[in-house]
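Take a moment to turn the model around before reading on.

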Amino acid sequence: MKKIVTLLLLVLCAGSLFAQVNKKEVHRSPGKFLDDISQSKGQQVFTLPEAQFPTKDVNTKDVVNTIEIGQSGNAWGFAYNRTTFLWADNDINSVSFIHRMLNPPGTGYLAYDVSTDGGQNWSVNNQVYNPTLDDAANARYPQGLLYNPEGNTDPNEAYFTYFAPTLDASNPSSGGTWGGYCWGAKKLNEGSLPSQTDLPSGDNFYQYLPSGFTLTQLGEAWIVDEENSGETGEYEYTGNLIVGHGLWNEEIENFEYSFEHLELEINPESSINDIKIAFAPDGMTGWICALTYTEDVSEYTWYHPVFFKTTDGGQTWSEEPIDVELGGSDGLEEVRNFISDENLEEFFDPDPVPDRDEIPYYMGYHCDLAVDDWGNPHLMSVVAICDMVDLEWWNYEGVFALFHIYSADQGETWNSFVIDYPKTMDVELTS
């Protein structure tokens, strides 16, 4: 079924995350968060200017003005995956969006839409990947961003670059489906031709569905993936993440990637829900975050953030993962107290409410990660109460909330505060 790809979904999602008003007491306010960051470096944190946008009644149906951009053969990937679709570059006042194409030419082709005037006007359906070339295969779940060479202010001299998995069946664990990576770039100048690279699984790397695509201010690209073994013929996490590092090659007008394993042992009964990677503006201090469940945490912490850190631009990463516990006596205070007494009584009824240090919590299924100017990580995701027996999370109003989890001292200690209390996590939309 043909779907129109618009900015509406993206704007609504962003608005729902940041524009709502908290309805319950927050145990650590954003002001306290700013104090933490300021004190960590002895610097003053800037104050955001008051919004200049006109206000609208929340019941008004025209709060968002939609702009139709390109078209995709289906909506898979937008709703169910964890990739980087949208990218903006202030230096060239440009915004890009990646998606699969219609059929014809085929949904295994990739294209991007781009605006060079801040989102007002768009050039759409610019093909950037061709699955019919040698060693290529149909692409899925694409990610894309803008690479702007240092010092450039002309959008025509910037590049759109992408990274995606392909259905080349080179990884036996995928049941004859996944295994390939593809990436490439295309100058925004009209008439330019795209570059393209395809890489099958091999050399003891079992490639799957990469996520967390990002670009540092040094102009280096990064990608992370969870590795799945091909030894059994079935999905089986190997205990390694795959970290890809791309350096720009001006001669071929494309990134050249190298890949390494990063060991992350998890509980055999769990999996990895999401992975993100981000760097500070200096490009040297970076963080990887996986939402998963390790065996080194309290029994009252189920899926939770697990971090790795680099201070040398990704040449080396911390040898041991850094677990951020949600529940238990060592868990985050704000998480252990964000549910009201009344909602806890209703949740556990007819049983008595346990001590708050004995209530389990779950983070999922997606997250987003940023690193500030001082190299501190900031994570945004949903935390929910977790069933005491089946360890399933309960994502309905009153027992889950959108959290900002951060460190102000390079990961030595962790803090958090509630951004808002959504009404539901999943919903069916009907027309």
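Are Tyr159 and Trp248 buried or exposed? Tyr159 is buried, and Trp248 is buried as well, where buried stands for under 20% relative accessible area, exposed for over 50% and partly exposed for anything in between, with a 1.4 Å probe and protein chains only. Before we go further, please keep in mind that this is a predicted model, in which local features need pLDDT of at least 70, side-chain atom pairs count only at pLDDT 80 or more, and totals for chains, interfaces and linings use all residues. Residues are numbered from 1 along each chain as its sequence is written, and side-chain values use heavy atoms, with hydrogens and water left out.

Now to the rings themselves. The structure holds 33 aromatic pairs; rings of Phe, Tyr and Trp (its six-membered ring) count as a pair if their centres lie within 6.5 Å, and planes under 30 degrees apart are called stacked, over 60 edge-to-face and the rest tilted. Tyr159 and Trp248 make a tilted pair, at 4.7 Å centre to centre with 55° between the planes. Because Tyr159 sits in strand β8 and Trp248 in strand β13 (residues 237-249), this pair ties together parts that are 89 residues apart in sequence. Strands here are DSSP runs (E, at least two residues), numbered from the N terminus. Both rings also belong to a cluster linked by ring pairs, with Phe163, Tyr181 and Trp183 among its other members.

Another pair to look at is Phe279 with Trp317: the ring centres are 6.2 Å apart and the planes stand at 70°, so this one is edge-to-face. It links distant parts of the chain, with Phe279 in strand β15 (residues 274-279) and Trp317 in the loop between β17 and β18, 38 residues apart. Phe279 and Trp317 are both buried. Glu320 is also found in the loop between β17 (304-310) and β18 (322-323), but Glu320 is exposed, with a relative accessible area of 58%.

Next, the nonpolar cores, meaning sets of buried Ala, Val, Leu, Ile, Met, Phe, Trp, Tyr and Cys residues joined through side-chain atoms within 4.5 Å. The largest has 38 residues, of which Tyr129, Phe160 and Tyr162 touch the most other members. Strand β8 (residues 159-166) gives this core its largest share, 5 residues. A second, separate core of 31 residues includes Phe307 and Met363.

Finally, confidence. The protein chain averages a pLDDT (the predictor's confidence in each residue, from 0 to 100) of 85, and 81% of the residues score at least 70. Over residues 1-31, the pLDDT is below 50. Where pLDDT is low, the predicted coordinates should not be read in detail.

Notes: Helix = DSSP H or I, 4+ residues; strand = E, 2+ residues; numbered from the N terminus. Contact = heavy atoms within 4.5 Å.
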